[in-house]
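I opened the model today to look up a few points. My notes follow in the order I took them.

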Amino acid sequence: MTTIISTGGVHKVTDRPDGTDLWLTPQKFEAVTGFALKPEGFCRDAVCIPIPPGRERHVHHGRKVNIAAFAELTHRPWVGTESGDCWVLEEPADARDAALRSLEAPDFALPDLDGRTHHLSDYRGSKVLLASWASW
Amino acid sequence: MWQALYEELKSKKFVVIAVALESRGADAARPWIEQAKPTYPCLIDVDHVVAREYNMINVPQAVWIDEQGHIVRPTETAGVTEGFRKMNPTTYEMPKEEMQAGAAARRRYLDAIRDWVARGTASKFALDGAEARKRTPRFTADIARAHATFRLGRYLVEHGRRDEGLQILEQAVALNPDAWSIWRQMADLDTVGKAGGPEFWARVGALGEKHYYAPVDMPEGQAQ
């Protein structure tokens, strides 16, 4: 069993990695990444990221998609354990940087002490002081 | 830290959202929250999601967000100074002038919030778009990789693979050595208390001229 943690959550797949390469069915790939493999490339909503000519074999073959190649092509950090049984797929730095510079406050969902989930967007209409702290 | 301010301003469509960056979970934060009895939301963030989304590297840092969900002050030090660095290491006493400077910085920060809540975009503390963008800390590839690595290490620690997880958290520290939230969280997961122990003080000492808390760039004098 291989664990993949993405912004969408924690996914378990039975596929085993080969080095950093991890080949998934298109369905699982889409569940983990939010992207579908189409003739135009990797597509999410109306946006497609083309696959550079000559790289196709590293990205998909035998009806499977290599999530490591996707990560590399789209500048997403892809970090795993030495045994390859647990991986994290992160959003690209330039997308996060652009999002912050747009000054749209990124939404998030977190629990309070009672386990009740709060979204930042629940507080639209009020000024918000979003402050970090910690016990450590 | 924010309770009195929140009570004072809550009728003016103002809320504090306090986010505890606590990979040990709610029980680690609970005693502090129960003691402070806050009436504003206190959220528990085991994965440091808010640090990632807002490019935070320490606590306390804060972001000002207006009624439409726009950032009017990006991530910055939230009303504290680094006077603790001048603390006498044996008596734990702080020089009086550092105490005063700390109190003044806090007062200035709280007054700035009051001014913003009263005056909105007309407040000189609510930055225009160009200035807010300029002050937004750059989110680099190493920072992104550090967050991914942090998340992996934390997950392993939670799932019974403590030594391996801590080793991976060390890699996250190496990727973003400026992020005190990563180093101190790692130390806290290793041994409770270590985040403020001798290794912490050694790391603070090694900063030399560099800041632990970058000073807030805020106009001097009383808010109008």
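I started with A:Asp122, which sits in the loop between strand E12 (117-119) and E13 of chain A. The model is predicted, so I keep that in mind for every entry.

I then checked A:Asp107 and found 9.5 Å between its C-alpha and that of A:Asp122, with the two residues 15 apart in sequence.

Next I followed E13 of chain A. Strand E13 (residues 127-133) of chain A pairs with strand E3 (residues 61-65) of chain B; the sense is antiparallel and there are 4 bridges. Opposite A:Ala131 I found B:Ala62 in E3(B).

I turned to the contacts between the chains. On chain B, 69 residues are in contact with 38 residues of chain A. Which element gives chain B the largest share of this side? I found helix H6 (residues 141-158) of chain B, with 11 residues. By type, I sorted the chain B side into 45 nonpolar, 14 charged and 10 polar residues.

Last, I looked inside chain B. Strand E2 (residues 42-45) of chain B is covered on both faces. B:Cys42 and B:Ile44 are buried on one side, B:Leu43 and B:Asp45 on the other. Strand E1 (residues 14-21) of chain B pairs with E2(B) in the parallel sense, over 4 bridges. B:Ala18 stands opposite B:Cys42. I traced the chain from E1(B) through helix H2 (residues 26-36) of chain B to E2(B) and logged a right-handed β-α-β crossover.

Definitions and conventions: Residues numbered from 1 in each chain as written. Chains lettered and ligands numbered in written order. Predicted model: local features only at pLDDT ≥ 70, side-chain atom pairs only at ≥ 80, totals over all residues. Contact = placed C-beta atoms within 7 Å. Helix = DSSP H or I, 4+ residues; strand = E, 2+ residues; numbered from the N terminus. Nonpolar A, V, L, I, M, F, W, Y, C, P; charged D, E, K, R; others polar. Pairing = 2+ DSSP bridges. Buried ≥ 20, exposed ≤ 12 C-beta atoms within 10 Å, placed from the backbone. Right-handed = clockwise from strand over helix to strand, strands pointing away.
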